Amino acid sequence: MFRHGSRLLTRATAMTWRRPFSTELSAEHSVDSTFVEAWKKLIPNTEPPKTPSAYMNPRPATPSSIPSKLSVNFVLPYSSELSGKEVDMVIIPATTGQMGVLPGHVATIAELKPGVLSVHEGNDVTKYFVSGGFAFVHANSFADIIAIEAVPLDRIDPNLVQKGLTEFTQKLSTASTDVEKAEAQIGVDVHSALNAALTG
Amino acid sequence: MAMAALRREGRRFATPLISPNPAIALRSSIIPSQEQVSSGVRCISTQIVRNRMKSVKNIQKITKAMKMVAASKLRAIQTRAENSRGLWQPFTALLGDSASVDVKKNVIVTISADKGLCGGINSTSVKISRALHKLNSGPEKENKYVVLGEKAKAQLVRDSKKDIELIMTELQKNPLNYTQVSVMADDILKNVEFDALRIVFNKFQSVVSFLPTVSTVLSPEVVEREAAESGGKLGELDLYEVEGAETKSEVLQNLAEFQFSCVMFNAVLENATSEQGARMSAMDSSSRNAGDMLDRLTLTYNRTRQASITTELIEIISGASALEG
């Protein structure tokens with residue numbers, strides 16, 4: 001334990017904190033050693049609590065050449081849709097527009113707006129309508145997409161979309177307070193995105 | 001030893017029945033109506049043991065039923081907790097795990113159960129929260145608590161009442177879902193000032209093992225500060241391009257809020273799963289104890305019963321032999 005701790009500390013001071021290494025076992029080496037040491041000094045009788053990195057498999061370091069595939073993790077609160085799937089490209093609906101992510105894309109943090117996410121693997125394209133969330137693209141060709149809701153496009157009912165759109169546009173015109181206006185605007189945005197997704 | 005105690009008890013009732021006729025005693029011991037008090041002195045002690053046996057058997061039934069209920073609830077919520085585990089991993093992959101970050105305003109969010117009889121998990125969470133409070137105390141530093149759940153509230157109110165900012169109970173009245181948790185997270189973010197939020201919960205590893213865990217969420221300002229410091233944990237954050245309609249700090253703000261609600265969702269689900277698992281094992285050991293106790297009481301009961309019969313027989317026989325000889 002101390003050997004690992006000193007190794008981690010020397011690495012941390014030598015350069016900026018790199019993410020843990022892929023060759024090591026996940027458990028011990030991702031432990032935040034400064035926290036554990038401080039805890040042990042002050043509170044000797046209790047085991048220190050675990051931290052999230054102890055439960056994660058560490059991500060591989062940035063390879064020197066661009067890999068051929070992108071690893072995608074697409075997670076929702078209720079399930080992990082895709083975890084570590086190797087694909088060619090994903091197109092994500094960022095707030096600045098549809099963004100295509102290929103292997104070797106520059107590291108990005110993107111905020112998502114309601115829209116269509118498509119995953120391209122060879123000749124298969126899977127499309128989901130996502131409600132919003134965040135997407136992280138890492139330098140090692142890993143993409144993490146976190147959304148609140150995602151539905152495959154064929155599950156959306158166009159009539160309900162139209163009805164919702166008219167309802168929210170009406171609410172927007174009759175809204176008085178800022179909160180009501182914001183809520184109605186969100187409704188309009190989501191429904192128009194749904195509409196665009198179904199038609200386009 | 002038990003016999004002496006029971007005989008002592010018997011002697012208390014001996015005075016009203018001064019001359020127990022051996023014949024009457026014999027008749028009454030043959031009739032299997034030993035429940036009646038009037039049939040003799042010694043049967044009262046078996047009555048006491050029998051009452052205890054009845055209550056212990058009831059307890060065994062109740063705890064066994066509670067164990068079954070907890071097991072079924074555990075199955076349902078365990079799948080949801082495991083599905084939500086992917087939710088916090090991207091954030092840790094991006095922002096790292098900054099449990100040892102040094103900030104001025106710490107807020108410790110303790111998650112616990114509302115109902116009791118779930119073993120020691122609530123006490124563990126409270127112990128860890130108190131230890132974190134101690135760990136992060138110092139000049140110019142302040143630590144506050146946000147308490148979720150009745151059990152932690154009861155324990156923390158006792159000595160840290162002035163440090164508690166917000167208390168939320170009855171989380172599981174309706175089945176847990178993301179909307180409810182995000183509303184709760186919004187509440188906390190609006191009402192509590194923080195530089196770092198530390199969420200303390202029990203992570204479910206298996207039905208018998210729950211790991212106390214602390215997840216840290218930093219406020220956007222602290223994230224920027226750590227990113228700017230080279231050699232800080234988030235030194236690589238600057239290498240990321242930020243795609244968002246607004247400025248980088250607004251995106252970081254949204255990111256921090258989103259991270260908090262995702263981490264909270266997972267934490268609440270894991271804690272609920274651990275609660276059901278702990279309740280299941282607590283009720284299981286309780287019903288097993290009740291079973292053991294019942295066995296011991298049955299032996300005592302039989303011994304008492306046999307002893308009273310033997311004593312009556314001895315009296316009759318010695319009376320009969322005295323008459324003869």
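Chain A has five helices and 10 strands, where helices (H or I, at least four residues) and strands (E, at least two) are DSSP runs numbered from the N terminus. The structure is a predicted model, in which local features need pLDDT of at least 70 and side-chain atom pairs count only at pLDDT 80 or more, whereas totals for chains, interfaces and linings use all residues. Residues are numbered from 1 along each chain as its sequence is written, chains are lettered from A and ligands numbered from 1 in the order in which they are written, and side-chain values use heavy atoms, with hydrogens and water left out.

Of the 200 residues in chain A, 42% are buried, a class defined by a relative accessible area under 20%, with exposed meaning over 50% and partly exposed lying in between (1.4 Å probe, protein chains only). Contacts are taken as heavy atoms within 4.5 Å, and among those in chain A with a separation of 6 or more, 50% are accounted for by residues 24 or more positions apart. The accessible surface of chain A comes to about 10,500 Å², and 57% of this surface belongs to carbon and sulfur atoms; the areas come from the Shrake-Rupley method with a 1.4 Å probe, and for residues only the protein chains shown count as cover.

Two loop residues of chain A were examined individually. Ser141(A), in the loop between strand 8 (133-137) and strand 9 (142-147) of chain A, has a positive phi of about 60° although it is not a glycine, and this serine is buried, with a relative accessible area of 3%. Thr95(A) is placed in the loop between strand 3 (89-94) and strand 4 (97-101) of chain A and counts as partly exposed at 26% relative accessibility.

Chain B contains nine helices and six strands, and 46% of its 325 residues count as buried. Among contacts in chain B between residues at least 6 apart in sequence, 74% join residues at least 24 apart. The accessible surface of chain B is about 16,500 Å², with 55% belonging to carbon and sulfur atoms. In the loop between strand 1 (105-111) and helix 5 (121-135) of chain B lies Leu117(B), a residue other than glycine whose phi is positive, near 60°, and which counts as exposed at 53% relative accessibility.

Within chain B, the axes of helix 8 (residues 220-228) and helix 9 (residues 248-324) come within 9 Å and cross at roughly 115°; axes are lines fitted to C-alpha atoms, for helices over the stretch in contact, and angles run from 0 to 180 degrees between N-to-C directions. The contact is made by Pro220(B), Val223(B) and Glu224(B) of helix 8 and by Ser249(B), Leu252(B), Gln253(B) and Ala256(B) of helix 9.

The buried residues of helix 8 of chain B are Pro220(B), Val222(B), Val223(B), Glu226(B) and Ala227(B). Seen down the axis of helix 8 of chain B, these buried residues fall within an arc of 160°, so they line one face of the helix, the arc being that of the directions from the helix axis to the C-beta atoms. They pack against helix 4 (89-95), strand 5 (209-218) and helix 9 of chain B, while the face turned away from the buried side of helix 8 carries the exposed residues Glu221(B) and Ala228(B).
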